[in-house]
Amino acid sequence: MATTTTTDASRTRLGAAWRDTALAVLRDKGVLLIMLLAPIIYGFFYPWPYGTQAVTRVPVAVVDQDHSGLSRQIARFAMANPRLDVRMVTADVREAQQALWRGEIEGYALLPAELKRNVLRGTSAVVTIEGNGAYALLNKAVLYGFSEAVGTVSAGVEIRKLQAGGQSAVQAARSRSPLNTQLVALFNPTEGYGSYVVPAVALLILQQTLLMGVAMLAGTWAEAGRLRASASAWLGRLGALSAFGFLSGLFYFGWVFFLQDYPRGGNPWGALVLLAFYVPAICTLGLLLGCWFRDRERALQVLLFTALPMAFLSGFSWPVEALPGPLQALRWLFPSTAGIQASLRLNQMGAPLHDVLPYLGVLLALALAGLLTLWLAATPRAAAKRS
């Protein structure tokens, strides 16, 4: 009978804690703004700069010092390339450099004097391409655009030489390129930057908004002297906070990716399982941080500047092998590391659930370790033992 009474009391405390926590989130405008409204705002405005996916029509210049039919053909192919927008054709390399330094163009191609003569002689001809390295995407478009233009013209010259040697047009084309390669992007069909970065950053946005909101709420409890609670009450608090985080996760997986037409739906049921592990791990960490800060504003001040380091540590934008050894171990303490890696495999690549079990294990271990720490440090039993 005593055991049944204890179980019923625990369930009552768990349900009451769940209800009180949910009401606390809805009544606290600051926490509500960060946990519910901020993910919605981020979901619409963060992908907006990447809406075009690929960089096109980058302003460039062509420095033609050869003034031959070959150099003019290269210039025409550059003008026809969708990556480039040829703003000027000049013979003065200094003029192009000045335009690059003023920001009027993002790069230029230098077609040297005697370019056609060297090609006809069969000697090496070098076309120099200069780009603005301060902007990686623009620099890539400049290099690729001019390389495609020069490569197309170069292929035509080689085919004409082979035809002059007695080969037919078909034979010359096959001799010039005996093995054709067709590149197909499997998990990013548009090869766009938005499809690469947003699905990963969405998990980081979910983590940061949850961490700040949960830590702020825990700081509020600490300031009011209501931080300590029983183990069942902590489970109720965690359940209510996880429910809000789960809704935010469904918003990204089920609406934002669809609205922005990002690769999605590879394994939707696996993505739901991931959220069931990912969200509680974040909320547990947020509760621990709130207990540590014990101040509402300090949680927001500290966590606001941790997003960029966590993005680099997660391993999707920076090679993990390039990180120092201590950081390679430290990065697994953040749920975003395992969450992003698992999400990209499940939602974008369509991997089966068993392929991400190690990442789910990391998230489960983080949640259990956080709950154990809360039980040891922030329950009335722990306080009684210390006294």
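1. **The cavity.** Ala202, Leu203, Leu206, Gly249, Tyr252, Phe253 and Leu275 line the largest cavity of this predicted model. The elements giving two or more residues to that lining are helix H8 (193-223) and helix H9 (231-260). On a 1 Å grid over the protein atoms alone, a cavity is a set of points where a 1.4 Å probe fits but cannot get out, and lining residues have an atom within 4 Å of a point. The structure holds one cavity of 30 Å³ or more, and about 40 Å³ of space lies in the largest cavity. Volume here is the space filled by probe spheres set on the points, with grid points joined across faces, edges and corners. The lining splits into six nonpolar residues, one polar and no charged. For the classes, Ala, Val, Leu, Ile, Met, Phe, Trp, Tyr, Cys and Pro count as nonpolar, Asp, Glu, Lys and Arg as charged, and the others, Gly among them, as polar.

2. **Ground rules.** This is a predicted model, where local features need pLDDT of at least 70 and side-chain atom pairs count only at pLDDT 80 or more, while totals for chains, interfaces and linings use all residues. Numbering runs from 1 along each chain as its sequence is written, and side-chain values use heavy atoms, with hydrogens and water left out.

3. **Largest pocket.** A pocket is an open set of points with protein on both sides within 12 Å along at least five of seven lines. The largest pocket has a volume of about 560 Å³. Its lining has 23 residues, and closest to its centre are Tyr46, Val201, Leu204, Ala307 and Leu308. H8 gives the most here, nine residues; helix H2 (29-45), H8 and helix H12 (307-314) each supply at least two. By class, the lining of the largest pocket has 20 nonpolar residues, three polar and no charged. Helices (H or I, at least four residues) and strands (E, at least two) are DSSP runs, numbered from the N terminus.

4. **Second pocket.** The second largest pocket has a volume of about 350 Å³. Of its 14 lining residues, Ala54, Val55, Arg83, Lys140 and Glu191 lie nearest its centre. Helix H6 (residues 136-164) gives the most to this lining, with four residues. Do look at the classes: seven nonpolar, four polar and three charged.

5. **Helix H8.** H8 is mostly covered, with 27 of its 31 residues buried. Buried means under 20% relative accessible area, exposed over 50%, and partly exposed in between (1.4 Å probe, protein chains only). The end C-alpha atoms of H8 are 44 Å apart, which agrees with the 45 Å that its 31 residues should span at 1.5 Å a residue. The expected span is 1.5 Å times one less than the number of residues. H8 also bends by about 25° at valine 201, and valine 201 is among the residues closest to the centre of the largest pocket. The bend at a residue is the angle between axes fitted to the seven residues ending there and the seven starting there. Glycine 225 follows H8 and has a positive phi, near 75°.

6. **Helix H9.** H9 has 30 residues and reaches 42 Å from its first C-alpha to its last, close to the 44 Å expected. A kink of about 30° in H9 is centred on tyrosine 252, and Tyr252 also lines the largest cavity. Just after H9, aspartate 261 takes a positive phi of about 60°.

7. **Cores.** A nonpolar core is a set of buried Ala, Val, Leu, Ile, Met, Phe, Trp, Tyr and Cys residues joined through side-chain atoms within 4.5 Å. The largest one has 72 residues, and Met35, Trp234, Leu241, Leu287 and Phe316 touch the most other members. H8 provides the largest share of this core, 19 residues. A second, separate core of 18 residues includes Val62, Leu84, Val86 and Val153.

8. **Arginines to check.** Most residues other than glycine have a negative phi. Arginine 57, in the loop between H2 and strand S1 (58-64), has a positive phi near 55°. Arginine 57 is partly exposed, at 41% relative accessibility. Arginine 294 sits in the loop between helix H10 (268-293) and helix H11 (296-303). Its phi is positive too, near 55°, and at 47% relative accessibility arginine 294 counts as partly exposed.
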